[in-house]
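My notes follow the order in which I checked them.

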Amino acid sequence: MSDAKLQGVLLALSQVARQLSAVPSNQPGPDANCVKLNTNENPFPLPMMVMQSALAALERHYLYPEDDNLSLRDAAANAYGFSKDQVIAGNGSSELLGLIYRAFLAPGDSVAMMSPGFSFNRKLAMLQGARFLEIGWGEAYSLPIGQLLLGPAKDAKFILLANPNNPTGTFVPVADIDSLAAQSDRLIVVDEAYVDFAPDDALRLINRHSNLLVLRTFSKSYAAAGIRVGFGFGHPELIGRLRNLQNVFNMNLIGHAVGISILSHRAAYDENHRYIKDERHRATIALSQLGFSVIPSHTNFLLARVPPGQDGNWWQASLERQKILVAVFPDDGLENYIRVSIGTKTQMDAFLSAARDISESLKMQSLPVKHR
Ligand SMILES: Cc1ncc(COP(=O)(O)O)c(C=O)c1O
């Protein structure tokens, strides 16, 4: 295609798509030798029964997957105590987030999200041409209910929070969500991606509030990020409206089989969740000893403030040189923080040993030179 022709083609992009530059081709993938602690995966094998269900599903590879995710929705409804018309299934919960933005937002509308929060939401709002209102957390990462009811968020089409929250790892009492949903006439979306590492959940409130939508995923606590299984739970009318907007065959048959199998073997993950919480505790102590200030976490990751005088980007680059990948969030006012996913003991040992090396080398650099 000649460049002039290409320019003509690109002019036909919608206004929103024109604002985003093309993703560069040939982006390097993650180095297989790296210890990957930057996207909150759960690096443990699937339980054998779940694995077997995936292999069995592969034998039906030439068939389309079941329409409308019926059996998976049925299984999720049974597992969590709802009817299947209260459940939507998605190709990961991010698909469901996208549907919510598409369903509720027209250009010029606004959405309110607790901030710092899961930054993918910013892009989803932008794609709808919507205004993204970032509402700061209250004291000690509490839910500022008054502000959500009476401040600028009162005109938002919906209010979104993750509980526990990413990237802070903090958790607000479910009673506060109950109170917000009771007092607000807006849709309240609670993204519970990390809830299996937390002490409580808002799913049990679904039948009390028709304006509450709860999202779940099997990417984090069920070690199935690559399979893509997510759920939304809410009032049947609301769920039906969202299902209307879904692609046909949005999930594949391996996702269906793995999702159904996980739902009936959830207890097989209890030990894994305990292990992650133990490693989280061990890493919190070790990082504190190195001068980091770690926010108490209710997730499978830690958000840690780097020692005074240092910055998050520098730590991320230094760790990456030692083949340890962690995440940073300078655009969210977290310039001095790194976020570290909790991996296996071996991965955490590698991370902590690299962090100790870096700290030691920093100390050496700041030692005054002795004059003999
Ligand atoms: C808060 C939150 N919500 C949703 C997601 C997306 O999860 P999924 O893999 O189900 O699309 C993530 C992933 O990092 C997340 O942190």
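In which loop is Y141 found? I located Y141 in the loop between β4 (131-136) and α7 (145-150). Helices (H or I, at least four residues) and strands (E, at least two) are DSSP runs, numbered from the N terminus.

Ground rules, noted before going on. This is a predicted model, where local features need pLDDT of at least 70 and side-chain atom pairs count only at pLDDT 80 or more, while totals for chains, interfaces and linings use all residues. Residues are numbered from 1 along each chain as its sequence is written, and side-chain values use heavy atoms, with hydrogens and water left out.

Backbone entry. I looked up Y141 for its phi, which is positive at about 55° although Y141 is not a glycine. Most residues other than glycine have a negative phi, and most peptide bonds are trans. I then noted a cis peptide bond from S115 to P116, with omega near 0°. P116 is in the loop between β3 (110-115) and α6 (120-127). The bond from N166 to P167 is cis too, with omega near 15°. P167 belongs to the loop between β5 (158-162) and α8 (174-183).

Next I checked polar contacts (N or O pairs within 3.5 Å). A ligand oxygen is 2.6 Å from a side-chain N or O atom of S219. For the side chain of K220, the distance from a ligand oxygen to an N or O atom is 2.8 Å. A polar backbone atom of S93 is 2.7 Å from an oxygen of the ligand. The protein covers 92% of the 400 Å² of accessible area that the ligand has on its own (Shrake-Rupley, 1.4 Å probe).

Sheet entry. I traced an open sheet of 4 strands, β9-β10-β13-β12, with antiparallel pairing. Pairing takes at least two DSSP bridges between strands. β9 (293-294) and β12 (327-329) stand at the edges with a single partner strand each, so one side of each has no neighbour in the sheet. β12 and β13 (residues 334-341) run antiparallel, joined by 2 bridges. I noted L334 in β13 as the bridge partner of F329.

Technical notes: Polar contact = N/O pair within 3.5 Å; in protein donor to acceptor, adjacent residues only side chain to side chain.
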